[in-house]
Amino acid sequence: MSGTAGHSGGPADSGAAREPRRPPAVTAPRGRGPVAAALMLGMGLVALDSTVVSTAVPQIVGDLGGLSVFSWLFSGYLLTVTVTLPVYGKLSDTFGRKPVLITGIVLFLIGSLLCASAWNMASLIAFRILQGLGGGALQGTVQTIAADLYPLAERPRIQARLSTVWATSAVAGPAIGGLLAGYADWRWIFLVNLPVGAVALWLVARNLVEPTPARAPEGAPARAPARVDWPGALAVFATGALLLTALVQGGVAWPWLSAPSLVLLGGAAVLAALTVLIERRAENPVIPGWVWRRRTIAAVNLSLGALGLLMVAPTVFLPTYAQSVLGLGPIAAGFVLSAMTLSWPVSAALSDRVYNRVGFRLTAVTGIALAVLVLLAFPLLPYPGEAWQPALLMLLLGGALGLFQLPLIVGVQSTVPWSERGTTTASVLFCRQVGQSLGAALFGAVANATLGARLGEGGLDDIDSLTPAAVDAAVEYVFLGAAAAGVLALLVLLTLAPRRFPVLREDRDAR
């Protein structure tokens with residue numbers, strides 16, 4: 001990635017070789033607005049369905065049964081979204097973004113319709129997995145098209161909008177699910193996706209226009225059609241499925257050192273080695289070696305993997321803390337967490353004013369350093385404290401993480417040409433999702449160990465008075481672990497990420 005200097009994201013980022021003159025995705029004469037609206041609708045669908053089922057579980061189980069396996073309503077969906085990200089990223093680079101996005105929306109809508117018609121828990125879980133197949137295409141391709149549509153100077157604005165939609169949908173999901181299950185029927189949780197997804201599908205089909213690939217010169221041999229590395233895709237899917245199943249279910253459905261965990265982790269290791277062999281020999285690999293050989297991409301992947309791990313602390317454990325320690329109700333507890341969703345998109349939208357001056361890496365370093373300080377401040381909160389105190393920390397944390405995440409995503413997307421952007425974006429999102437699964441497993445074990453030790457000291461007779469203090473201690477340890485993940489991201493950026501991102505020159509003539 002070397003070459004003459006070109007357009008950059010700021011004085012600290014250098015230009016690299018000129019991007020091949022294949023124009024990015026463009027819109028019809030109506031402009032980019034309709035496509036941007038479709039992207040936000042698609043992002044909202046994926047984020048909403050990650051959390052919307054949680055508060056409707058009692059009604060679903062009461063209707064369909066299957067209490068022992070209901071957790072797969074969440075993990076089945078999230079697993080499928082995660083493991084398909086690299087596959088869809090490569091497909092979008094090979095065949096274009098539009099067919100992949102349309103396929104994803106259609107699969108998601110079919111899955112939603114089938115979920116609403118499920119007759120038992122097994123069928124509902126199967127249809128949730130089908131939903132996840134569509135969700136994986138939506139999540140990765142939406143981010144890639146956003147980078148295609150908007151030049152570097154405008155990307156923070158669209159990424160901030162997508163971040164706002166994601167955060168709002170994820171936080172509002174439990175409330176929406178509870179309302180629909182309580183006042184209508186749980187099947188409406190999936191039926192409401194149909195009109196929203198139909199609008200997104202119509203907007204994409206009508207307004208997103210991608211350039212046709214350049215034809216071979218006259219007299220030159222015709223180019224062979226691109227081959228899909230299906231063995232590699234299957235190997236990536238199987239490896240990710242085993243690994244994430246072990247992380248999600250370990251310590252929950254079975255003990256960590258039990259036979260199921262060891263078999264799944266061992267199988268994932270064997271399949272990972274097999275995947276590497278397949279990808280090395282593949283003509284057009286799903287996960288090319290350059291994803292990890294290039295310092296910038298590898299550093300961003302690892303940093304956002306640490307972000308996924310870090311995010312488990314506020315999103316999973318803070319609502320429990322707010323209810324058990326602060327005595328808040330579920331809705332008020334959600335508002336404590338939602339403070340983060342207010343500052344994150346604002347900070348992300350303004351981050352370009354920082355990285356245009358100091359560069360992508362230094363901006364991200366500043367953001368994650370501030371985030372570590374905020375996470376370390378959480379154990380210093382008084383016990384039991386007031387609700388505004390953790391809410392203030394979440395407000396500060398959102399601001400810091402907006403300054404950290406968006407410059408890395410925009411920066412890494414700007415270092416690769418169109419033909420590599422889908423794969424690069426998918427690898428970043430995949431690492432973040434894997435980090436989230438790892439964080440849930442790791443911090444869940446930390447919290448359970450702390451709670452067990454506290455209850456052991458006080459005895460079962462005093463469990464009511466010990467529970468708030470035990471939860472407080474457990475969540476404090478979790479936040480310290482999240483701070484450690486932030487330090488890991490900081491070290492990765494300082495030691496592995498180049499000081500100046502090798503940003504490609506923008507092809508402004510295509511816009």
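Student: Is Cys431 buried or exposed?
Tutor: This is a predicted model, and everything said here is computed from it. Cys431 has a relative accessible area of 12%. A residue counts as buried when that value is under 20%, so Cys431 is buried.

Student: And what about Cys115, is that residue buried or exposed?
Tutor: The relative accessibility of Cys115 is 0%. Since the cut-off for a buried residue is under 20%, Cys115 counts as buried.

Student: How many disulfides does a search of the whole structure find?
Tutor: A disulfide is a covalent bond between the sulfur atoms of two cysteines. To be counted here, a pair of cysteine sulfur atoms has to lie within 2.5 Å. When the whole structure is searched, the number of disulfides found is 0.

Student: In which helix is Gln405 found, and is Gln405 buried or exposed?
Tutor: Gln405 belongs to the helix that spans residues 388-413, which is helix 16. Its relative accessible area is 9%, and because the limit for a buried residue is under 20%, Gln405 is buried.

Student: Which residues is Gln405 in contact with, leaving aside its neighbours within four places in sequence?
Tutor: Contact here requires heavy atoms within 4.5 Å. With those sequence neighbours set aside, the residues in contact with Gln405 are Ser163, Leu304, Leu307, Trp344 and Arg432.

Student: What share of the residues in the protein is buried?
Tutor: The protein has 18 helices and 2 strands, and its residues number 511. Of these residues, the buried ones make up 53%.

Notes. Residues numbered from 1 in each chain as written. Predicted model: local features only at pLDDT ≥ 70, side-chain atom pairs only at ≥ 80, totals over all residues. Heavy atoms only, no water. Helix = DSSP H or I, 4+ residues; strand = E, 2+ residues; numbered from the N terminus. Buried < 20%, exposed > 50% of the residue type's maximum accessible area, 1.4 Å probe, protein only.
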